[in-house]
Amino acid sequence: MPRFSWKNPLLALTVAGALALTGCGQGAGSAPTASASDPVTGGVLTYLDAQPHTSLFPPSGGFYPNGGLVNQITDRLVYQDPATLEFQPWIATSWEVNADATRYTFTLRDDVTFSDGTKLDAAAVAKNFDLYGRGDAARALPVSEAVNNYDRSEVIDPTTVVFHFKAPAPGFLQATSTINSGLLSPATLDGDFTFYGAGNGTKVIGSGPFVVASEKIGAEVVLKARPDYHWAPKASANQGRAYLDEIRYVVTPEAGVRVGALTSGQADIARQIAAPDEAVVTASGAHLVAAQTRGVNNAFSLRFRNATLSDIRVRQALTLGTDRQEIVDTLFTDNYPLATGVLGKTALGYEDLSAKLTHDPARARALLDEAGWTPGPDGIRVKDGQPLKLVVNEAAPQPRSFDVTTLVSQQWKRDLGVDLQILRADAGTYTKAVNDADQVQVNHTMVGRADLDVIKSNYAAKNRNTLLNRNLTDNTIGDQKLEDLLAAVAGTPDPAARIQASQAVQEYLIDQSYVIPLFEEPQVFATTDAVHGFGTEPIGRPSFYNTWVQR
């Protein structure tokens with residue numbers, strides 16, 4: 001049985017190879033602010049987030065406000081360095097993986113407790129992953145999109161746990177390092193969907209350096225440091241309790257208010273700084289931290305099971321008719337690079353497909369002509385008496401989504417004769433409409449994760465299913481080849497072959513014109529001079545364990 005550990009040459013080769021392919025280097029994905037002095041223990045930090053959290057169930061951590069809190073109150077089995085993406089011990093001191101990645105054995109620390117005093121042992125870890133790997137439909141808790149092919153756990157002794165998989169699960173080691181796999185106390189794991197929702201934060205017990213002390217639904221969450229915390233990853237500069245006494249998460253939806261509060265000294269850190277506000281922030285003397293999310297780029301997914309978009313010529317026309325460079329130049333800054341493929345350049349397995357993503361409105365119009373869509377009297381194309389009308393959703397968690405969709409709507413109407421309507425995120429029927437390819441044909445999405453499985457998370461039928469390849473009404477699959485390609489990414493144990501599997505998916509998505517990549521999406525924070533040691537985990541969620549304030 002080959003042994004994979006954080007010092008294992010094969011694992012190191014996997015990471016190094018992936019980094020070589022991506023051109024990723026030191027510092028990518030994490031950008032701690034400068035430290036001007038020795039750390040100071042104590043003090044309160046005020047953090048502004050654009051949206052309130054909706055759940056503290058770790059598999060729901062993909063939503064940034066959720067993940068931003070879960071990252072502070074939970075630990076993970078394995079630590080993934082945000083700069084190098086190397087795996088290092090954390091709650092697990094070592095691990096072994098069998099040759100086909102169907103059996104993972106973890107050895108655990110024996111000195112860790114949850115904040116309710118419960119021992120964090122092998123039984124507790126097993127209970128966590130039995131829930132994350134299987135989900136619980138009766139409690140409305142989904143399977144974690146980070147965990148594939150899960151079968152069962154096996155507790156060997158208090159510090160040894162084994163996980164078995166029905167098929168190869170090469171992404172599981174990385175999955176154990178993600179916020180989606182944050183470790184919760186056994187009692188917390190008995191909760192249902194509502195239990196983890198907003199308003200119940202003080203009941204959600206992890207082993208992390210902070211605990212939820214109080215909460216005002218939709219407005220504020222207060223975290224306090226655990227005085228007895230001493231089990232940080234060895235790579236951490238801090239090995240004791242968190243430096244901060246308290247963090248106040250304050251929900252501040254208006255971008256201008258977040259910037260105003262920060263520049264006036266009423267807040268210490270603000271997330272989701274809008275691109276037009278970046279100059280205001282730096283002019284005030286504050287600092288920007290732009291962390292890339294290392295995953296599927298900000299993009300439009302064209303739902304090919306819709307009758308209009310089932311014609312590849314229409315999808316090709318929409319791709320050729322989208323001036324992606326104008327979007328970046330008009331709406332964003334250098335922190336938002338133009339997408340050159342399905343994945344970001346710092347994502348594992350990235351392939352440059354920019355040659356297939358050209359802007360050619362003349363060719364786009366010709367394709368629509370060939371497809372039988374002819375210009376109508378008002379300029380909107382018509383076929384069989386029906387206008388070429390599509391709907392795109394506003395994706396509120398993503399930067400300037402309404403502005404992006406508005407600009408593309410203008411481009412398509414002006415250059416192609418396509419009427420693109422925008423479904424606002426606050427519409428009452430929003431969620432239902434987004435899950436219907438006949439109501440929302442163009443889906444504005446992105447997802448971050450520092451593993452090759454990220455592409456499966458976004459497009460697989462059993463995960464986010466953003467293309468609606470799986471019809472949610474009858475569960476039929478529209479493109480089985482796409483599903484098979486995605487399954488190969490999740491189930492190929494050989495590292496090099498797995499990268500090839502990811503790139504096969506990327507090429508297929510572009511060749512079929514299923515996806516229009518727009519830009520690489522960062523998480524942009526602003527910090528004041530009082531903040532030191534602030535950083536992010538590998539896909540841009542805030543990490544406050546090493547942060548201190550000195551005013």
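This is a predicted model: local features need pLDDT of at least 70, side-chain atom pairs count only at pLDDT 80 or more; totals for chains, interfaces and linings use all residues.
1. Overall dimensions. The protein has a radius of gyration of 23 Å, which agrees with the value near 24 Å that a compact globule of 551 residues would have. Along the principal axes, its C-alpha atoms fill a box of roughly 75 × 55 × 45 Å.

2. The protein contains 14 helices and 25 strands.

3. Extent of the contact. Domain 1 contributes 28 residues to the contact and domain 2 contributes 27 residues. Between them the two domains bury about 1,900 Å², with 52% of this area on carbon and sulfur atoms. On the side of domain 1, the residues that lose the most area to domain 2 are Glu145, Asn148 and Pro170, which together account for 27% of what that side buries.

4. Polar and charged interactions. Domain 1 and domain 2 are joined by 11 residue pairs in polar contact, counted where both residues have pLDDT 80 or more. The side of domain 1 that touches domain 2 is made up of 16 nonpolar, nine polar and three charged residues. One salt bridge is counted between the domains.

5. Glutamate 145. This residue forms a salt bridge with arginine 464, with 2.9 Å between the closest N and O atoms. Glu145 is also among the residues of domain 1 that lose the most area to domain 2.

Notes. Residues are numbered from 1 along each chain as its sequence is written. Side-chain values use heavy atoms; hydrogens and water are left out. Contact means heavy atoms within 4.5 Å. Buried area is the accessible area (1.4 Å probe) that two parts lose on being put together, summed over both. A salt bridge is a side-chain nitrogen of Lys or Arg within 4 Å of a carboxyl oxygen of Asp or Glu. A polar contact is a pair of N or O atoms within 3.5 Å; within protein, one must be able to donate a hydrogen and the other to accept it, and residues adjacent in sequence count only if both atoms are side-chain atoms. Ala, Val, Leu, Ile, Met, Phe, Trp, Tyr, Cys and Pro count as nonpolar, Asp, Glu, Lys and Arg as charged, and the others, Gly among them, as polar. Helices (H or I, at least four residues) and strands (E, at least two) are DSSP runs, numbered from the N terminus. The radius of gyration is taken over C-alpha atoms; the globule rule is 2.2 Å times the number of residues to the power 0.38.
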